[in-house]
Each structure stands twice: as C-alpha cells, then as structure tokens.
Amino acid sequence: MVNFKPTEEQELLRDTLQNFAREVIRPQAREADENDRIAPELVQKGWELGLVQAAIPEEHGGYGGTRSAVGSAIELEELAYGDLATTMHLVAPRLFTVPLIVAGTPEQRAAWLPRFCNGAFTPATAAFVEPVWNFDPRKPATRAERRGGDYVITGKKCLVPLADRAAAILVYAKTDDGIGAFIVEPGTAGVTVGPREKNLGIHALDTFPVTFESVRVPAAQRLGGEGASVQALIDASRVATAALAVGVSRAAFDYARDYAKERKAFGVAIARKQAIAFMLADMATEVDAMRLLAWEAAWRIDKGLSATREAYLARHYAAQASLKIADNALQVLGGHGYIRDHLVELFLRNARGFAMLDGLAIV
C-alpha cells in the first residue's frame with residue numbers, strides 16, 4: 001500500500017527547513033540573484049543543517065541516517081521554496097556523495113566520504129548535462145574508453161555546479177557496456193573548466209562548462225568498480241528536479257495568492273474576482289499534482305522498485321506545470337509581476353529551466 005505520510009523525523013526536518021527557507025534563504029534571494037553569488041555565511045549555515053552529512057555512514061564520519069528519497073524530496077521542496085539557486089548550491093555535494101553511498105565500492109566510500117564530514121562546506125559536483133539541444137541522459141556523447149587499467153574520458157559537459165572549486169567531479173559517460181560514472185579530480189590532466197555560464201535563471205548558482213580531453217583515470221575510479229546502475233541515479237535526479245519544481249511553484253502560488261488578497265480593484269480584493277480565483281485554484285491543484293507524482297516515484301525508489309517510468313513522468317509534468325504556475329502568478333500581479341520589485345519574475349525565470357536542469361540535484 002502506498003503511504004506518503006511523512007515520519008515524525010521527516011515532519012520535524014520539514015518544519016526546520018521551512019523556517020530556514022522563509023527566514024534565512026528567502027530574504028537574500030533577490031540580492032543573490034542580482035549579485036550572481038550566494039553569501040558564504042549563508043552557505044555555511046546551510047551546511048550546518050547536515051543536508052549532506054545525514055546519509056553518510058557513521059563509520060565515515062557522517063550521521064548514519066537512512067537515505068530516503070521521499071525525505072530528500074521533502075527537503076528539496078522546502079529549500080527551493082526559499083530560492084532555487086541557493087538550494088542547488090547547498091545540495092551540490094550530494095551529486096557526488098549520494099551515488100557513492102548508493103553504489104560506490106567500500107574503497108571509494110572510505111576514500112571520499114570522510115571529506116564531507118567536517119565543519120566547513122565542502123564543494124563537489126557531477127558533470128551530467130551536455131551542450132546539445134536534444135540531450136538524452138541515456139545516450140551521452142561523452143565517452144569513456146577502457147585502455148588497460150585505465151579509462152580515457154573525452155567529451156564536453158555544461159551546467160556543472162561549482163566545478164571551479166569542486167574537490168571531485170562525478171562524470172557520466174558512455175562506455176562499451178552502457179553508461180558509467182567516473183570520479184575525476186579537477187586538477188587531472190585534460191580537464192578544463194570554462195568561464196562561468198550566464199543563465200536565464202539560477203543566477204546565484206555558479207555553473208560551468210567542463211571539457212574532458214583524453215582524461216585518463218584508473219579503472220578503480222569508476223563508480224561501483226566494474227559499474228553501477230546509472231539508470232537508478234538518473235531516476236533519483238529526475239525526482240529531485242520534480243521536487244525542486246514543486247518548491248518554486250508553491251512559492252509562486254503563495255506569492256500570487258497573498259498579493260491577490262491584498263490588491264484591490266473597485267474596492268474589492270482581486271482574489272474575489274472569478275477569473276483570478278479560478279486561476280489560483282488551478283495553480284493550487286497543479287502544485288499538489290506535481291508533489292504526488294514526485295512522491296510516488298520517490299516512494300518506489302525507497303521500496304527498491306523500478307521508478308524509471310514514474311520519475312520521468314514526475315519530471316516531465318513538473319517542467320510543464322511549474323512554468324504555467326509561475327506565468328500565472330505573473331499574470332495575477334499584472335504589471336507588477338514584470339518588474340523586479342516582486343519575486344515572481346525570478347520564479348518564472350527559474351521555472352523555465354526545469355526542462356533542461358537534469359542532473360543538478362539528487363534525492
């Protein structure tokens with residue numbers, strides 16, 4: 001039986017993150033977007049929440065909590081409610097640590113996971129998306145060819161968060177036996193991090209193109225040794241994208257609803273106008289539908305069931321619905337929605353990216 005009721009621990013964490021998103025992240029969202037950077041002290045506060053360390057086993061210095069895709073989806077929604085770019089920055093190290101926890105060899109976990117259990121934010125990332133219009137994560141153009149005891153990686157990636165300072169990058173590439181993920185340290189010969197990308201949204205998140213020119217890494221640095229289920233990681237990433245979209249959409253809806261209650265036309269709050277009321281009702285329905293799709297896929301991951309279909313549908317629906325919700329929020333605000341005095345234009349720019357923001361978060 002499907003049961004989406006959060007555990008007592010998950011509810012406590014949700015309440016904590018709700019407060020953090022509203023009181024710490026949201027007040028700096030506009031400044032971060034305008035300045036293309038997140039205040040280091042905010043990053044450190046986010047690190048101290050234990051978002052990365054929670055699922056790392058105690059033997060490697062973490063908190064030893066059980067990884068929960070549903071729990072992670074709840075976390076991402078609450079944080080993204082505050083600001084999408086800030087959230088992606090805070091959880092970027094999970095792009096590296098979660099695959100190691102799920103599929104890494106004992107040697108890989110022992111070598112890397114303790115590095116993320118100290119007191120300071122430790123950046124790490126994954127190179128997933130490629131700069132092509134029809135990118136398919138199941139068919140990457142980046143290749144990793146086996147040559148003796150090494151793999152040689154060649155290809156180009158884009159939208160790699162924190163690549164200029166990451167302790168390690170998990171690179172997804174095509175292999176002779178499917179798709180592999182490889183641990184690559186940025187200083188490795190042949191790795192070139194390009195200039196910071198300029199995106200329509202997520203201005204505060206540092207993303208970079210990364211080129212791999214005959215980058216040689218030992219076979220032992222392939223995730224899982226002889227390979228791991230990369231499809232499972234893709235599913236987890238799609239669920240994360242959907243959860244982030246729920247957070248942004250909920251923020252847009254709440255902003256528009258509150259504005260409509262306060263804004264008056266001809267002496268009556270515009271929320272009482274039928275056209276606005278129906279639009280808000282549709283937005284609220286879409287937010288709940290997005291969340292249920294994301295949670296269903298996450299629940300299947302937690303149960304060890306195949307979630308490929310459900311994760312794809314959740315992410316596909318979220319990409320469309322979040323854009324519609326953010327655009328409707330802008331319409332509710334009318335002319336005010338188009339100016340930067342209000343956050344809905346930021347929500348709209350961020351929501352437009354969900355169609356292509358694969359691989360920038362993971363549950």
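Keep in mind that the model is predicted. A pair of aromatic rings is described by the distance of the centres and the angle of the planes. The count here is 7 aromatic pairs.

Take tryptophan 47 and phenylalanine 121. Their ring centres are 5.4 Å apart. Their planes meet at 80 degrees, and over 60 counts as edge-to-face, so this pair is edge-to-face. Where do tryptophan 47 and phenylalanine 121 lie in the chain? Tryptophan 47 is in helix H3, residues 40-47. Phenylalanine 121 is in the loop between helix H7 and strand E1. The two are 74 residues apart, so to speak of the pair is to speak of a link between distant parts of the chain. Buried or exposed, tryptophan 47 and phenylalanine 121? Both are buried.

Next, phenylalanine 96 and phenylalanine 116. The ring centres are 5.9 Å apart. The planes are at 40 degrees, so this pair is tilted. Phenylalanine 96 is in helix H6, residues 94-103. Phenylalanine 116 is in the loop between H7 and E1, and 20 residues separate the two. This pair also links distant parts of the chain. Buried means under 20% relative accessible area. Phenylalanine 96 has 0% relative accessibility, so it counts as buried. Phenylalanine 116 has 1%, so it is buried too.

Phe96 and Phe116 belong to one aromatic cluster with Trp112.

Now the charges. Arginine 115 lies over the face of tryptophan 112, at 3.8 Å from the ring centre. Which ring has the charged end of arginine 26 over it? That is tyrosine 81, with the charged end 4.9 Å from the ring centre.

Notes
Residues numbered from 1 in each chain as written. Predicted model: local features only at pLDDT ≥ 70, side-chain atom pairs only at ≥ 80, totals over all residues. Heavy atoms only, no water. Phe/Tyr/Trp six-rings, centres within 6.5 Å; stacked < 30°, edge-to-face > 60°. Helix = DSSP H or I, 4+ residues; strand = E, 2+ residues; numbered from the N terminus. Buried < 20%, exposed > 50% of the residue type's maximum accessible area, 1.4 Å probe, protein only. Lys NZ or Arg CZ within 6 Å of the ring centre and 35° of its normal.
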